[in-house]
Amino acid sequence: MKAYNPQHVRNRLVRQQAERWQREGLLKPEQLAAVRQAYPVSFRENNVFSEIGAFIFTGIAVGGAYALMMLFLSGLVDQADAFGLFNAVVGAGVLLLARWLIGRYHFYRSGPDNALIVMGAAFLLAALNVVLPGDVPFWLRCLLAVPLLLGFVWYYGDVILLFIALLAFYGAMFAGLLEFPWGRLALPFVLMAVSGALWFVLRRLKRAIPNSDYYADAFGIADWVLLGVLAAAGNYFVVRELNGLLADPVPGVYGDTEAPPVRWGALFWGLTFFFPGLYAWLGIQQKNRLLIILSILGIAAAVSTVRYYYPVGPLSIYLTLIGLVMIAVAVWLIRYLRQPRRGFTDVPDEESPRQFFLNAETLSLISTTGATLDRQPDLRYGGGEFGGGGAGKNY
Amino acid sequence: MSPKEILDQLHERGLLPTGQHALIDRVERERPFSLHWELRSVLYVGILFMSSGLGLLIYENYDALGHVTILAGIGLLCVAAFAYAWSVRPPWTPALTQSQSPFGDYALVLGCLLFLSLEGYAQYEYNLFGDRYGLVTFLPAILFLALAYRFDHRGVLGMGLTALMAWVGVTVRPLDLYLKTNFFDERVIYSALMLSGVLIGAAMLLQRRGIKPHFTFSYLLVIGNLMLVALLAGMFNVPDLRLLFAVGLALACMLFDRYARREQSFLFGLMAAIYGYIGLSYLLFHYLRPDEYVSTFYLLLSGGVLVAYLLTYKKQKIDPDAPPTGPISR
């Protein structure tokens, strides 16, 4: 029993793979037609932009409906039990609406259903939190939300809800540990341990459960978050600054003071480089895109961490040198992989988000151009050569 | 399901003959892992870092000799980048094409970024353009647009359009969600509208003529947003002409919607929906001043209507008879 037909989720996957083979000339068009015949998919196919828009406007509509009901039931907020019941009823109503729409319009993660599911879960969580006595600590509220959210994930396979479930789980860990005097010291180790352990559990789960295709997107986001937190929790900058932020303020010291060095600093310096290195090694061995990308980001974070605590030379030189190294490495690898080597190639494949990349490139170039052009008049006026300049920038 | 499992299942169900099953199995097993976009991202971020590092370096004061050396070095690097890009330039064609070298496009970007830094510094230090500030942005705009067409580079086209927007007084940094301008100044609104009208008209004309038709997307994305923001700004800030701007906005949204449906490019449909919705809601709240009951009911109703409207954008069916693109992994 699932919100969407799991068989059709699988069929959709088979179709997509067959379409890819057909594009590569490995399947004949009539074979693809036969595959489509044999693997029916009833889901509605939209495009991503109308889905994004439908998600936003569903949120507006539900928000408007909720506010309207609150207007009719003014004074409800003061009575915790009644307000909780109201939220629970609204949540259930929203979820029923989602169920009806999925049946009627064959939605499959088409925007409106995602929005309704997320908002329905949010209303139910709100109901739970209103009804709970006021002295229930934050960490317990987070922890209680996790099974509820996971239930939703089980039924819908929704990515956003799984993300929120992970946030709630980490929130519970974080706030719960800080209840203890030793919690601040243990925090990075606990975060690393639970992230790593959860990642292993999920890996087993992916193979063990019968409907792993239904959860493919949710598993994907979980991998990103868990491995990302694992690496971040070992990063020296994160540990030291977070530790400084959480420390009790020292009497007589005000304002931004530098975070003090942490205990076991050498260990965290080691971990700062260990995780990106491990990800790179595993990523190359297992040809895992997620691990390779995380290792690149992790190495960038490690280098920035070193620069942050041991700044040598001005920023301009540092940026130039880092840029040069990146260009050199990329150029060398692109030339090296012109022929496929060790199972890697520079030739783009079908999975690549070509359109996304081109647009990201254009957007960042626009940003850079905007910033560069924007800087010049300021510098000009800031240079003091124009008395009282800066008013009315008509250039 | 992994590709292998799908393959075996298709075979079991009699949809694939054994020979073909073995062939696809081999292709899948030997398919190399593509690092194409990861490597280009690293290369590209490296270029951004290096050019901004060098851009900062210019403004740091060293003794006179060192300073001249730095300037000369950056100038040489800029010339070298352009020269390399030119040496591997694609043949001129109005259709989509690409550089003869994987690095040509990136050298061009580096050259353009360094040119921008040097040009800004020339104005800052030597007052090259005097009081004609317009030239500081107009000159690179024209240069970048020309280079974009010659080299078929959408990123450089975006740079040129951004410089043109700066020329009429609008600074955008989309990645920082940053927009700086003075839309209370009516002149800025009118020049932004005139610029966007001219550019979108030009883009449509060029598309019809078949000259780099794939550039239209960038034009509409960058300049289309400028136009819609300027129309909204006119509606908010110019009370005398509010209804005229409202009509203009409605017209622009209708045109974007038509374009989105014709070209199956639904990003523009989403843009039309969001800007149109903001404009409509503003007019409603401004003129009718509804009470809170009507306001919340409006949110409920309008949200529902827009969802229904957006879902009328249907994904184009992939034509199963389309010619295959050929195996990629060879």
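Predicted model: local features only at pLDDT ≥ 70, side-chain atom pairs only at ≥ 80, totals over all residues.
**Entry 1: helix 2 of chain A**

I then listed the buried residues of helix 2 of chain A, which spans residues 29-38: they are A:Gln31, A:Leu32, A:Val35 and A:Arg36. These residues cover an arc of only 145 degrees around the axis, and therefore they sit on the same side of helix 2 of chain A.

Next I asked what the buried residues of helix 2 of chain A pack against.

**Entry 2: A:Phe43**

I moved on to A:Phe43, which I located in the loop between helix 2 and helix 3 (48-72) of chain A. Is A:Phe43 buried or exposed? Its relative accessibility is 10%, and A:Phe43 therefore counts as buried, the cut-off being under 20%.

I looked up the contacts of A:Phe43, leaving out residues up to four places away in sequence. A:Phe43 touches A:Tyr4, A:Asn5, A:His8, A:Val9 and A:Arg12, as well as A:His106, A:Phe107 and A:Tyr108. I also noted a distance: the C-alpha atoms of A:Phe43 and A:Trp269 are separated by 50 Å, the two residues being 226 residues apart along the chain.

**Entry 3: helix 10 of chain A**

I treated helix 10 of chain A (residues 236-246) in the manner of Entry 1. Its buried residues are A:Tyr236, A:Val239, A:Arg240 and A:Asn243. Viewed down the axis of helix 10 of chain A, they fall within an arc of 90 degrees, so they line one face of the helix. I recorded that their cover includes four helices of chain A: helix 8 (183-208), helix 9 (216-234), helix 11 (265-286) and helix 12 (289-309).

**Entry 4: positive phi angles**

I checked two residues of chain A for backbone angles. A:Trp264 has a positive phi of about 55 degrees, although it is not a glycine. I placed A:Trp264 in the loop between helix 10 and helix 11 of chain A. With 41% relative accessibility, A:Trp264 counts as partly exposed.

A:Arg342, likewise not a glycine, has a positive phi of about 50 degrees. I found A:Arg342 in the loop between helix 13 (315-336) and strand 1 (344-345) of chain A. Its relative accessible area is 72%, and A:Arg342 is exposed.

I looked for the place of A:Val331 and found it in helix 13 of chain A. A:Val331 is partly exposed, at a relative accessible area of 24%. Which residues does A:Val331 touch, not counting residues up to four places away in sequence? I noted B:Leu43 and B:Phe103, both written with the letter of chain B. The C-alpha atom of A:Val331 is separated by 43 Å from that of A:Met173, which is 158 residues apart from A:Val331 along the chain.

B:Asp25 is buried, with a relative accessible area of 13%. Apart from residues up to four places away in sequence, B:Asp25 touches B:Lys4 and B:Leu7.

**Entry 5: chain A as a whole**

I recorded 14 helices and one strand for chain A. Of its 395 residues, 45% count as buried. Among contacts in chain A between residues at least 6 apart in sequence, I noted that 68% join residues at least 24 apart. The accessible surface of chain A comes to about 20000 Å², and 68% of it belongs to carbon and sulfur atoms.

**Entry 6: chain B as a whole**

For chain B I recorded 12 helices and three strands. Why is chain B described as more spread out than a compact globule? Its radius of gyration is 26 Å, whereas the globule rule gives 20 Å for 330 residues; chain B is well over that figure and so more spread out than a compact globule. Taken along the principal axes, its C-alpha atoms fill a box of roughly 75 × 70 × 40 Å.

I noted that 50% of the 330 residues of chain B count as buried. Its accessible surface comes to about 15900 Å², with 67% belonging to carbon and sulfur atoms. Of the contacts in chain B between residues at least 6 apart in sequence, 63% join residues at least 24 apart. Finally, I looked up the charges of chain B: the mean positions of its 25 positive and 24 negative charges are 8 Å apart.

How values were computed
Residues numbered from 1 in each chain as written. Chains lettered and ligands numbered in written order. Heavy atoms only, no water. Buried < 20%, exposed > 50% of the residue type's maximum accessible area, 1.4 Å probe, protein only. Arc of directions from axis to C-beta. Contact = heavy atoms within 4.5 Å. Rg over C-alpha atoms; globule rule 2.2 N^0.38 Å. Areas by Shrake-Rupley, 256 points an atom, 1.4 Å probe, with all protein chains shown as cover. Lys, Arg positive; Asp, Glu negative; His and termini not counted. Charge placed at Lys NZ, Arg CZ, Asp CG, Glu CD.
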